[in-house]
Amino acid sequence: GHESSARPPRPPRFSRRAKAIFLYGRGGGGHLASAVALRDCLLSTPQADLVAAIRLHCGRRQGLGAGEFSILTDPAAATELRIDMVDAGKLIEDAMMGPQLAKAMPFSGDDIYNWCMKNGQYSLATVATHMGMGVIRNNGPLLTRYFSDYFRRERPDVVVSFIPSINRTLRRSLHATLTGVELLTVVTDMESSEAHMWIDPFVDADKAEGCAVHTIVAGGERLQAQAVEAGYPEVKMVRTDGMVVHPKYYSAQLQGLQSPELEGRGPVEPGAGAPAAEGAAAQPAGDKPTFVIFFGGYAPPRTFQIAQRLLATFPGRIALVVLCGKNDALLAKVQARSEAAAKGDTAKAPWADVVAEGFIPPSRLTEHLRTAACVIGKPGPGVASEAAVMGVPFVTEVSGSTLPQELCVVDWLLATNYGVVVKSLEAFPETLLDQLRSCAEALRTHSNRAVFQAAARIKTLMVAGAASFGEGEVDSPAAPPVAAPPALAGGSVAQGRPSPSKVAVGDSANGHGA
């Protein structure tokens with residue numbers, strides 16, 4: 001980005017309500033977390049804390065062009081946006097089996113993957129991933145037809161995908177129904193790999209038949225290099241600082257500045273878990289450094305052994321927060337020991353400085369992170385990036401069971417000194433506290449504005465798509481249904497339109513023309 005002496009261009013006036021479809025997957029939590037982060041960044045109103053966070057982290061000197069800075073911080077424009085959150089896995093299942101049979105199935109491929117992750121069966125999770133990729137690859141024509149019908153009914157101004165291995169299908173589907181509507185893929189891993197194929201060879205929609213315009217949101221140097229190698233030109237790549245992280249983590253850094261709209265939202269859809277208790281997050285007493293154990297929405301059973309090992313390695317020197325997620329058995333086990341220690345049970349005395357919580361909203365998670373000396377968990381790109389935004393070192397392990405797509409997270413932590421990597425989370429070095437101090441110092445210079453950079457490009461495309469319709473035009477009534485699940489019906493007939501990428505609305509997030 002650059003600073004301009006001229007007044008920032010005024011965002012185009014909407015001629016209709018701009019619509020985006022966000023396609024996410026249920027396998028793991030990272031895809032949905034990124035989708036919700038961008039949705040909330042675009043739609044949150046009133047957005048006093050959001051605008052303050054954008055101004056703090058993304059001044060025009062720091063990565064947003066004048067036009068996109070203006071369009072992203074315009075409080076009125078959010079009311080003109082519509083974002084539909086759509087489970088792409090459900091659409092694929094409906095296409096493969098029909099909606100009735102898919103609904104009758106007791107579990108899906110994503111359910112199998114999630115079961116493996118919850119139980120620490122990471123090798124089996126990798127097998128499940130490869131099987132899912134095979135289903136998509138071997139049924140391309142069927143899925144292309146199904147998604148074509150879906151887009152024809154829904155008529156989005158932009159389609160944003162948060163899932164790997166499906167770029168080709170989505171490009172062809174969009175071209176077949178809505179010529180000029182752009183596909184934007186937000187990569188939620190730190191690299192494209194055989195396990196998660198995010199970046200396939202670039203196809204120039206102006207020269208190739210049957211492909212829509214496609215842009216990649218690439219967070220970090222590794223992804224950006226892969227996109228260049230795959231042929232993506234600068235105008236079809238949004239170079240962000242890192243992974244997309246929910247605005248709540250930035251807002252938490254602004255003292256006393258909170259927004260009712262953002263409160264309670266975050267990397268999991270409302271209602272996805274049991275409601276947390278009211279009030280502030282419980283904190284260990286005293287001034288000992290606090291270690292937070294966090295594995296996402298469902299902590300694996302071995303979390304208890306990890307806590308035991310920490311207490312044995314640093315007796316009386318640390319406090320622990322164990323976030324159990326929806327693992328109720330683990331929560332009860334840890335709480336029982338903490339309560340016994342509080343009652344004077346000498347055998348359970350090490351657990352006196354341990355606080356356990358179940359499934360909690362992001363607002364409580366940020367409270368824990370704000371006072372943490374480190375976060376301990378699996379090397380997921382999302383949680384490692386969240387910790388880094390909060391300035392907290394991340395401690396993880398690398399072993400034969402580490403997921404292939406997460407090895408790049410380990411490399412990133414080591415290269416940046418933003419965390420500590422051990423061979424096992426059940427064997428910590430005595431020097432860990434010293435290493436964490438070094439990591440905390442390195443994190444002082446960390447900057448990640450990815451959620452704002454990606455949101456600016458998405459909003460640009462939405463505005464351009466809506467403005468390409470005639471002045472004063474409104475959403476048209478529903479078209480006759482096209483042999484598809486009733487739940488997906490609604491919208492209007494397909495209509496081609498000028499490519500949104502060719503409508504100038506200011507500089508792109510990476511400093512190049514859109």
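These are my notebook entries on a few spots I looked up in this structure.

**Ground rules.** I am working with a predicted model, where local features need pLDDT of at least 70, side-chain atom pairs count only at pLDDT 80 or more, and totals for chains, interfaces and linings use all residues. I number residues from 1 along each chain as its sequence is written, and side-chain values use heavy atoms, with hydrogens and water left out.

**Aromatic pairs.** I found eight aromatic pairs in the structure. Rings of Phe, Tyr and Trp (its six-membered ring) pair if their centres lie within 6.5 Å; planes under 30 degrees apart count as stacked, over 60 as edge-to-face and the rest as tilted. I looked at F291 and F314, an edge-to-face pair with 6.1 Å centre to centre and 65 degrees between the planes. F291 belongs to strand β7 (residues 290-294) and F314 to the loop between α12 (303-313) and β8 (319-323), so this pair ties together parts that are 23 residues apart in sequence. My helices (H or I, at least four residues) and strands (E, at least two) are DSSP runs, numbered from the N terminus.

Buried means under 20% relative accessible area, exposed over 50%, and partly exposed in between (1.4 Å probe, protein chains only).

**Two helices.** Next I turned to α8 (residues 140-154) and α9 (residues 167-177), which pack at an angle of about 45 degrees with their axes 8 Å apart. That angle makes α8 oblique to α9. Axes are lines fitted to C-alpha atoms, for helices over the stretch in contact, and angles run from 0 to 180 degrees between N-to-C directions. Under 35 degrees counts as roughly parallel, over 145 as roughly antiparallel, 65 to 115 as roughly perpendicular and the rest as oblique. Where they meet, I noted residues including F147 and F151 in α8, and L170 and L174 in α9. F147 and F151 also form one aromatic cluster with Y150.

**S34.** I found S34 in helix α1 (residues 30-43), buried with a relative accessible area of 7%. What does S34 touch? Not counting residues up to four places away in sequence, S34 touches F162, T188 and V244; contact means heavy atoms within 4.5 Å.

**I360.** My last stop was I360, in the loop between β9 (354-357) and α14 (362-370). I360 is buried, with a relative accessible area of 16%. I360 and C324 are 36 residues apart in sequence and 9.2 Å apart in space, C-alpha to C-alpha.
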